[in-house]
Amino acid sequence: MQILIKVLVLSLILCISLVVALQFGANFIPLEQIMSALTHILNPNTQTTTTDTIITDIRLPRLIYSVLTGIGLSLVGLLMQTVTRNALADPYVLGVSSGASTGAVFAIIMGGIPLLGQYNTPVFAALGAALSILLVLLCVGKSNSPVKLILIGMGMTGIFSALTMMIIYGAKHEAQVRSAMFWLLGSFAGIQWGDLPLTAVIVTLLIIYIYMFNQDLDVLLLGNHEASQMGLSVKQLQLSIVIISSIVIATLVSKVGMVGFIGLIIPHLARIIGGPKHTHTLLFSALIGSIVMIWSDVLSRALYSPEEIPIGVLTSLLGAPLFIWIIMNRYKHNG
């Protein structure tokens with residue numbers, strides 16, 4: 001019963017956030033105009049205003065993508081902390097994001113392939129992510145050691161981060177450097193309706209995956225040896241987690257860049273509220289991740305309006321103190 005009440009409260013907060021967040025941007029839009037614009041979506045034959053277009057074509061797809069990003073990062077963070085049994089693991093622990101960053105920065109500064117046009121950055125980011133995870137899997141081999149997985153991921157992160165800095169250092173124009181750095185820090189600017197379907201499908205598959213294998217994930221928390229003794233194919237489960245997590249992160253990073261701390265802190269909050277079972281942490285991670293990402297994006301647009309702060313700066317600024325508070329409270333009796 002307590003779980004149900006918590007879910008209802010968070011769902012109510014999410015619904016309110018979805019409506020209120022549409023008010024904020026370069027210009028504040030009153031709530032009645034928001035409701036009018038949303039009504040026009042249901043009745044497309046009515047005449048639309050410039051404000052309606054701003055809400056339906058700019059702010060609404062951005063809002064939905066921020067929800068998908070919050071869910072995706074939170075759930076991948078949950079999987080990474082489960083597969084590595086490390087409370088400090090986050091969605092970027094395998095180096096996928098660093099590979100994606102290298103590919104994206106290469107496209108921004110070196111120009112990429114002219115035929116790809118505006119798709120250069122996401123395509124090269126996806127290629128970089130794919131290369132990174134391929135190298136990680138090759139290096140891990142047949143081992144199912146979570147420590148080896150983490151350490152190889154850290155090493156891959158170092159390699160691709162160094163390559164990214166080398167590419168930026170070789171830039172000939174300041175505008176290219178600014179564009180690359182803004183992308184590295186994350187932004188939802190420029191998200192359109194066409195960006196939503198693929199991401200929505202992939203995040204939905206991630207949710208289904210965690211729900212279907214929630215019992216296996218619970219068993220995995222006991223340790224590799226204990227899980228194997230209970231008949232679980234640990235290596236196969238680890239491989240599936242790594243692959244689906246990498247696909248999700250590659251998709252998100254290729255569109256919005258790096259968004260830190262969401263995948264690190266949200267699973268901790270979900271466990272505090274709902275306990276360790278993955279059926280509960282799945283639901284609470286998705287709800288809390290959505291709410292936090294929505295309001296982080298609102299702050300990124302509103303604090304220095306009409307200019308935007310990179311979303312990764314705000315999530316780190318808000319997430320780091322919260323993470324320190326969680327750790328201090330959880331380990332305050334451990335000396």
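Rings of Phe, Tyr and Trp (its six-membered ring) pair if their centres lie within 6.5 Å. With that in hand, Phe24, Phe28 and Trp295 form one aromatic cluster. Please keep in mind that this is a predicted model.

**Aromatic pairs**

- The ring rule gives a count of five aromatic pairs.
- One of them joins Phe24 and Phe28 in an edge-to-face arrangement, with 5.5 Å centre to centre and 75° between the planes.
- Phe24 is partly exposed, at a relative accessible area of 23%, while Phe28 is exposed, at 52%.
- Phe106 and Phe124 make up a tilted pair, 5.7 Å centre to centre with 35° between the planes.
- This pair links distant parts of the chain, since Phe106 sits in helix α4 and Phe124 in helix α5 (residues 120-140), 18 residues apart.
- Phe106 is partly exposed, with a relative accessible area of 35%, and Phe124 counts as buried at 14% relative accessibility.

**Around Ala107**

- Ala107 belongs to helix α4, which covers residues 96-110.
- Its relative accessible area is 6%, so Ala107 is buried, as buried means under 20%.
- Leaving aside residues up to four places away in sequence, Ala107 touches Gly112, Asn120, Thr121 and Phe124.
- For a sense of distance, the C-alpha atoms of Ala107 and Leu318 are separated by 30 Å, and these residues are 211 residues apart along the chain.

**The largest cavity**

- The structure holds two cavities of 30 Å³ or more, and the largest contains about 70 Å³ of space.
- Its lining includes Leu137, Val140, Pro146, Lys235 and Val242.
- Helices α5, α6 (146-169) and α11 (234-256) each supply at least two residues of this lining.
- The largest share, four residues, comes from α11.
- By class, the lining of the largest cavity has six nonpolar, four polar and one charged residues.

**The second largest cavity**

- About 40 Å³ of space lies in the second largest cavity.
- Among the residues lining the second largest cavity are Val76, Met80, Tyr92, Ser245 and Ile249.
- The elements giving two or more residues to this lining are α3 (50-84) and α11.
- Here α11 provides the largest share, three residues.
- The lining of the second largest cavity divides into eight nonpolar, three polar and no charged residues.

Conventions
Residues are numbered from 1 along each chain as its sequence is written. This is a predicted model: local features need pLDDT of at least 70, side-chain atom pairs count only at pLDDT 80 or more; totals for chains, interfaces and linings use all residues. Side-chain values use heavy atoms; hydrogens and water are left out. Buried means under 20% relative accessible area, exposed over 50%, partly exposed in between (1.4 Å probe, protein chains only). Contact means heavy atoms within 4.5 Å. Rings of Phe, Tyr and Trp (its six-membered ring) pair if their centres lie within 6.5 Å; planes under 30 degrees apart count as stacked, over 60 as edge-to-face and the rest as tilted. On a 1 Å grid over the protein atoms alone, a cavity is a set of points where a 1.4 Å probe fits but cannot get out, and a pocket is an open set with protein on both sides within 12 Å along at least five of seven lines; lining residues have an atom within 4 Å of a point. Grid points are joined across faces, edges and corners, and a volume is the space filled by probe spheres set on the points. Ala, Val, Leu, Ile, Met, Phe, Trp, Tyr, Cys and Pro count as nonpolar, Asp, Glu, Lys and Arg as charged, and the others, Gly among them, as polar.
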